[in-house]
Amino acid sequence: MRFSAATTADRLLPERLALRMRPLLRRVDDILFRADERGEASRMSVIAFAIRVVSAAIAFLSQVLLARWMGGFEYGIFVLVWTAMILAGNLSCLGFHTSVIRFVPEYREKGMLPELRGVLVASRLVVLLASTVFAALGIAGVHVLSAAIEPYYVVPFILGMICLPMIAMSDLLQGISRAHSWAIAALAPTYIERPLLILLFMAGAIVAGYAPDARTALIAAILATYATTLIQLLRVTARIGRLLPAGPVRMRYGRWIAISLPIFLVESFFFLLTNADVLMVGAFMEPNAVAVYFATVKTLALVHFVYFAVKAGVAQRYAQFTHGDSGKLAAFARETVSWTFWPSLLMALVVLALGKPMLMLFGPGFDAGYPLLFLLVAGVVARAAVGPCESLLTMSGNQNVCAFVYALTLAVNVALSVLLIPRIGLWGAAVATAGAMVFEAAALSFTVWRRLGIVMAVFLPAHPAKEAR
């Protein structure tokens, strides 16, 4: 006999209260037990959201401790280098960490098991090779340009490059896990296990007598990244081995690369856009300012992870519905907008209410970033109002136009940053970021409507789906 929240409420609560609670509890039952694709997507989004809530708490605590242990200057160096490495690791996947989310459901749906085996093998080989080349070029570039780089950044950037191949491999394994709807396997290593290990190794180094500086923190990050990624690789490989029987392998490198490279451009522009503000602050201002801005952005992440959770749960369903009923795709896409917007709005209010004391936890002077939160939160909520548009475009074969939209958005962000940061400092970075988010939301929503006939905007009425152009 299966548990039912609605039935349990009917039995235990007063009749009047049970009647009021019934619609909500039936929704809970729907998420937990519905057996179709929508139910699976809902469960994965809920699991992803729960993991991001836990990971946000872990990340926030770890960043507070690192900031207090290291001080603003060294913490600013560490977060700038680590942000750059996360970005470079993602780019090193060449789009395969997202394209596998499209290929795996497609090949399973069509029974193309040789191609499925092939893309799972080829993606790992391509990512490992590309990320190793990127790391080697990065180390060489830092060495050649060392005279032009601030001396306190040289060794930390070289240390960061050592992490790059494992960061990239972890991103790919996350994509493979998402393609199979393995939410915990996809998200826990990156968002729970790795930050906990970084904190543990850093604490151990300090106890052992090592200086609490950026170099020590990056060595802790290297150890944590290699440990979590290698364990993740073993887990995912074993799970695939149990699910996919041995058999012939067919390689289609031409098609995979042709589809992955535009996705690579989309992801490149997206991650550059996501991290451009921190990198631009680092380019124009001292590490102390980077530390304050990064702490503010970390606090803002409590709002942004709602969007991430929905995106993690629905991307593979977009890919599946694209090969089926267009009306079903349109209805599901519209529903995911509500999944994104309303929880984001709620989290935004919570962050604005608690933002100042949260920033004060980082240490003296970090609360200077609190006024920036109001502008940045407005941008994130505007972005949430159109849902995961870029996933819908990418999974439906419109990755080229999506890349173009992100290129324009990145250009807006960088241009505003270059214009405003030297003049008004951190406010310039906040204005550039919020303005770019609003532009991104409007451009993506318009593109989805033009290409797919789907209105992805929370307050606009739905229109009948039309044929993709």
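Which side chains meet in a salt bridge at 2.6 Å, N to O? Those of glutamate 390 and arginine 383. A salt bridge here is a side-chain nitrogen of Lys or Arg within 4 Å of a carboxyl oxygen of Asp or Glu.

Before going on, the basis. This is a predicted model, in which local features need pLDDT of at least 70 and side-chain atom pairs count only at pLDDT 80 or more, while totals for chains, interfaces and linings use all residues. Residues are numbered from 1 along each chain as its sequence is written, and side-chain values use heavy atoms, with hydrogens and water left out.

Overall, the protein has 15 helices and 0 strands. These are DSSP runs numbered from the N terminus: helices are H or I with at least four residues, strands are E with at least two. Of its 469 residues, 56% count as buried. Buried means under 20% relative accessible area, exposed means over 50%, and partly exposed lies in between, with a 1.4 Å probe and protein chains only.

Back to the salt bridges; the structure holds 6. In the opening pair, glutamate 390 is buried at 3% relative accessible area, and arginine 383 is buried at 3%.

Another joins glutamate 115 to arginine 250, with the closest N and O atoms 2.7 Å apart. That pair links distant parts of the chain: glutamate 115 sits in helix H5 and arginine 250 in the loop between helix H8 (214–243) and H9, 135 residues apart. Glutamate 115 is buried at 4%, whereas arginine 250 is partly exposed at 46%.

Glutamate 193 and arginine 235 form a further one, at 3.1 Å, N to O. It also links distant parts of the chain, from helix H7 (residues 183–207) to helix H8, 42 residues apart. Glutamate 193 is partly exposed at 25%, and arginine 235 is partly exposed at 47%. Finally, Glu106, Lys110 and Arg255 are linked in a network of salt bridges.

Now the surface. Val121, Leu125, Val249, Met251, Tyr253, Ile257 and Leu261 make a nonpolar patch of about 560 Å². Patches are made of residues with over 30% relative accessible area and no salt bridge; like charges are joined within 9 Å, and nonpolar side chains (Val, Leu, Ile, Met, Phe, Trp, Tyr) within 5 Å. Accessible areas come from the Shrake-Rupley method with a 1.4 Å probe, and for residues only the protein chains shown count as cover.

Helices H5 (113–144) and H9 (253–284) each supply at least two residues of this patch. H9 gives the most, with 3 residues. Leucine 125 lies in H5, the helix that also holds glutamate 115.
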